[in-house]
Structure formats: C-alpha cells, structure tokens
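Please look over the sequence and the structure shown here.

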Amino acid sequence: MNQLIAPYGGALVNLIDPTQAEALKRDALSLPSLDLGWRQQCELEMLMTGAYSPLTGFMTRAQCERVESAQQLDDGSFWPLPVTLASRQKIAAELKPGDRVALRDGEGFMLAVLTVSDVWDDSGAKPNEIEPNKTEPNKIWHLGGAVEGVALPSHPDFASLRATPAELRALFARRGWRRVVAWQAHHPMHRAQFEFCLKSAIENEANLLLHPQVGGDITDAPGYFGLVRSFLAIRERFPAATTQLSLLPAPPREASACALLLRAIVARNYGCSLLIAGGEHQADGNCRRGEDLARAHADLPVAELADKIGVQLIAYPRMVYVEDRAEHLPESDAPANARLLTLSGEEFQRRMRAGLKIPDWFSFPEVLAELHRQSPPRERQGFTVFFTGLSGSGKSTLARALTARLMEMGGRSVTLLDGDIVRRHLSSELGFSKAHRDINVRRIGFVASEITKNRGIAICAPIAPYRQTRRDVRAMIEAAGGFVEIHVATPIETCESRDRKGLYAKARAGLIPEFTGVSDPYEVPEKPELAIDTTHLGIDEAVQQILLKLEHEGYLR
C-alpha cells in the first residue's frame, strides 16, 4: 500500500462550506430552532466532519428500517446502525417534510441547518397521525434530512488534540504514513493493552493512532477528562515517530458487533486500515473481548463485513501476565505450567474504590495517578445521603442529626438540603402538584450532585415519593460520586400520630389535594442501601446505624 486507504464510499464528506456559513446564519433568523444535547452534538459533529462518510445527513425512517433489516444504505453499500436526530422538544413534533430548522448548542450557538425529510416517533407514527392534543410531553421524535453545516461544536478543552478526518489524513500524509492501526479507547490503557497495541503495530508494519472516544460534556458527562489525561500520561511510553494521539468525538454506544462495524467505518474515514477490536472491560453490551465476536454473532459475519468495509480487524485476545517471563501474552500462547496472573475489570474497580494497591504488572504508575485524581478512593469521594419517606416519618430529624455528627467528625464540608429549606430558598415558586414536587426533587438532586462532584457531603431529606424520579436522581449523583438511599420506613399510622400541623387530617378531609400517603401514592424504594423504621428506634441509634453503613460502604474511615 503506497497511500492511505480511501474514505468509505470513495470521498470524504465535508458538510461545512465556509462560503455559505453567513448566508445560513441569516436564514436561521427566520427558522425555528432545536437545541441539541451533547450526544446529539457528537452525532452532528461526526456527520459534518465526514467521520460518518458517505452520510450527508440524518437518516429517514425508511432508511433506518433498511439499515436495521438489511444493513444497507440506499445505494446498497453496507451500513450497520441507524443515525438519526432524536429530540423531545415540542418543536420537533411540529416540523414536517420540507421544513428547515436551525440546530444550535445549549447556548444558542449556530451549528447547522437541517432540511427535514421525515419526522416520526418511536412507535413509527408521524405527527399528523396522532390525535390533536394527544402528544406526550416526553415523547421522542426522530428527524431525518440533509445537513448544511455552519460550525463545529465548541470544544474549549484539549483543543490541540482534536483533529477532523481531513486534518488527521493530512497529518498522516505529511509524516509519510501509509498504513495505520487504530485503538479507539473508551477506557484508560493499562500494560496489557499497551503491549498488545505496540505488538500489533509492529507485526503489521503499521503506525499507531491512539483515538480515545471523548463524547461527553463539561457539566453533564465530564468523565472523559480523566481518560484524556491518562492517555497524555502514557503517550510518552510510545515511540513518538510512529504514534499519534488524537481525540474522537463519537457518542458512547453499547458494545455490539454492529457498533464495532460502525467504528471500523469511522476508523477508515480517519485514514486507518486496521482496527483493534476489544481489549477493554465492558460493563454492558454483548461483546466482552475481540475474540467474543465470532462466537456471539454467528448470524452476523463480522470479519467478512469488516473486509467489505475495507478495514482489517485485529481481535484482542484474553491476555494474561506471565510472571516467569515478565510480560503479557495471549493466554493461548502462554507456556505450559507457567504462573499466570490476571486482574478482572470488576476487581480493578473494587481496588480503586477502596484505595487498595494495584499490582505493578497491571498498570503504569502515571496512569494510576491520573485515575486516582479523577476518581479517588471512596473515603475521599464526595457522597450524598438521600432520605426518603412519608411526612412525619422522621426524615428531617435524622438528616439534621446525621449532619451534626458528620460535621463533628470533620474532613469534608457537609450541606443539609432539607425539604423545607429547599422549598424556602430554591423552589419557593413551586406548589405541591405532582409535577412541581417532581421538579423540586430533581432540583435537590442537581444541587446534591454538584456538592458530591466537589467532594463534599450532601444530606437530602425530601419526601421524594416517585420511583422514577429517585432513579434519575441516583443516576445524576452516582456520575459524580457516592449515593446512599435511606428509606425512612415509618408506617403511616405512626406518621399521623406525630402530625402536629394536622396535615394528614386536612388531607383526609379533602382540604389538601394530592397529599402523599393519603390521596397520592408513595412508591416504596426498591433497593435502598438502608431502611429504618423510627417507630421504636431512637435518633441516636438510627444515626449510628447510618454511620456504620457509611463505614461499611467505605465512605468513612
């Protein structure tokens, strides 16, 4: 091969025409707008830069169905997964084929104009097929159509490491690279991956592109910062003349054979003719290692389809550390009777959370240092204690007592977010309807997640009667640190007997509508970390149970 592999489909798509940008911005002044979340911006960036060549826009419903059933584009070429623009915004349901809509980031910055070809929901229905006033507020609408780019999403972070397919191809050409193997990483690289990547490049007489996937957001999904810093740390161990580090703005996808084949197309568009498949711990999906592909997807000939794409897949094997030889090898190549060492992804995460030693043979000290900066052991993490229960169950009393005990102990800042306090200072304009109570709990969750992210302790004590809201709050906070849900499971009879304000009596008389436990349900937590009934339990005893639980989970030492 005397030149780089051509883009998939023969030509690299570029949807941004600088000569048309100002005209598009003027047109957009009279167009409706869609604000895109970070995942949508990632998909748009992949389209506009040509990473998804030969696509020139988001797929229509018919195109998606053809991809899902036959893995084909309109011209018959292979394509593994649909690429659509999904939106919950009301304006999406009001669009119709032929309309143009401005696509903007969360701050209103103009990114592109979409000429709509199709609009449909998850059930396949189009807006005009749904009865008037029957549109669900959280329904997801999918938009298909051609994209005219104005500008790429703004990335104030790691600007020097970001390159479009065209820029990276030009760099490869200047350096005389003709054959490139890609490592598209979701997770930090440890010694086994490092050795396998080097070996793969050498054996295939190829250069190496380290291409960590950094689809994320500074506020909503900042985990990629630690990933990039870990690659900056390990980059010095690779030969500079044959290795390039660049960032891939792809959105995260569940591991699957189809997702792997889409990654192969992306690799080709960036100028890579080889792609290492597998090699990372995957908590979800059905592809755990590169070697799993052939077994798990007998109905999908992955290697054959990769050849059709034009990219050679290098399957990452099960790697073991051979102590006698002080190196990592595929398990099938390990000498008989040799002492073999492994460390599972789950065990690695457990040790990181607990602050336990990671063996020297498993990773590099500079990589571990970056990971500890990003996710310190639990005893140094922020966390949230989230009390939930009926009015009068003892939530607020327990929350105040626990806050006092934790402040006595010191070491972290502690913030009490009691329901009444939050109502007074953060949600004074809200009433007590189901919708408003839901908004109030989500606000508490957001504030708690910010406290947790900054390694403080948030103590929350709302009623929080709805399971889905509590699940969403948990997900929000666990992305930043620890979350401990405590169900104050005091029976309603006890709660009513403690009711000094007479709220239960008023609710039963119909004077207070939608009162939790009387005229509105309280959905009992499914798997709280701790359940406490304060009927016959003193405050000091209850707080001690909570402190012991926090110690057991590793948050206190």
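## Q213, in a loop

Q213 is found in the loop between β8 and α7 (224–234). Helices (H or I, at least four residues) and strands (E, at least two) are DSSP runs, numbered from the N terminus. The model is predicted: local features need pLDDT of at least 70, side-chain atom pairs count only at pLDDT 80 or more, and totals for chains, interfaces and linings use all residues. Residues are numbered from 1 along each chain as its sequence is written, and side-chain values use heavy atoms, with hydrogens and water left out.

Is Q213 buried or exposed? Q213 has a relative accessible area of 10%, so it is buried. Buried means under 20% relative accessible area, exposed over 50%, and partly exposed in between (1.4 Å probe, protein chains only). Not counting residues up to four places away in sequence, Q213 touches Q184, A185, H186, L227, L248, A250, P251 and R263. Contact means heavy atoms within 4.5 Å.

## N207, in a strand

Strand β8 (residues 207–210) holds N207. N207 counts as buried, at 13% relative accessibility. Leaving out residues up to four places away in sequence, N207 touches W177, R178, R179, V180, V181, A241 and T242.

## T49, in a helix

T49 sits in helix α2 (residues 38–49). T49 is buried, and its relative accessible area is 9%. Its contacts, leaving aside neighbours within four places in sequence, are V13, L152, T164 and P165.

What does the side chain of T49 reach? It reaches the backbone oxygen of E45 at 2.9 Å. T49 and V181 are 132 residues apart in sequence and 20 Å apart in space, C-alpha to C-alpha.

## T516, in another loop

T516 lies in the loop between α18 (503–508) and β19 (530–532). T516 is buried, with a relative accessible area of 5%. T516 and S391 are 125 residues apart in sequence, yet 7.7 Å apart in space, C-alpha to C-alpha.

Leaving aside neighbours within four places in sequence, T516 is in contact with L390, R437, I463, P465, Y504, P521 and Y522. The side chains of T516 and R437 are joined by a polar contact of 2.7 Å. A polar contact is a pair of N or O atoms within 3.5 Å; within protein, one must be able to donate a hydrogen and the other to accept it, and residues adjacent in sequence count only if both atoms are side-chain atoms.

## Helices α8 and α10

Two packed helices are described by the angle between their axes and the distance between the axes. The axes of α8 (residues 257–269) and α10 (residues 302–309) come within 10 Å and cross at roughly 20°. That makes α8 roughly parallel to α10. Angles under 35 degrees count as roughly parallel, over 145 as roughly antiparallel, 65 to 115 as roughly perpendicular and the rest as oblique.

Which residues make the contact? From α8 come A257, L260, L261, A264, I265 and R268; from α10 come V302, L305, A306 and I309.

## Helices α15 and α16

The axes of α15 (residues 434–453) and α16 (residues 467–478) come within 9 Å and cross at roughly 15°. The two helices are therefore roughly parallel to each other.

In α15, D438, V441, R442, G445, F446, A448, S449 and T452 meet T469, D472, V473, M476 and I477 in α16.

Notes. Axes are lines fitted to C-alpha atoms, for helices over the stretch in contact, and angles run from 0 to 180 degrees between N-to-C directions.
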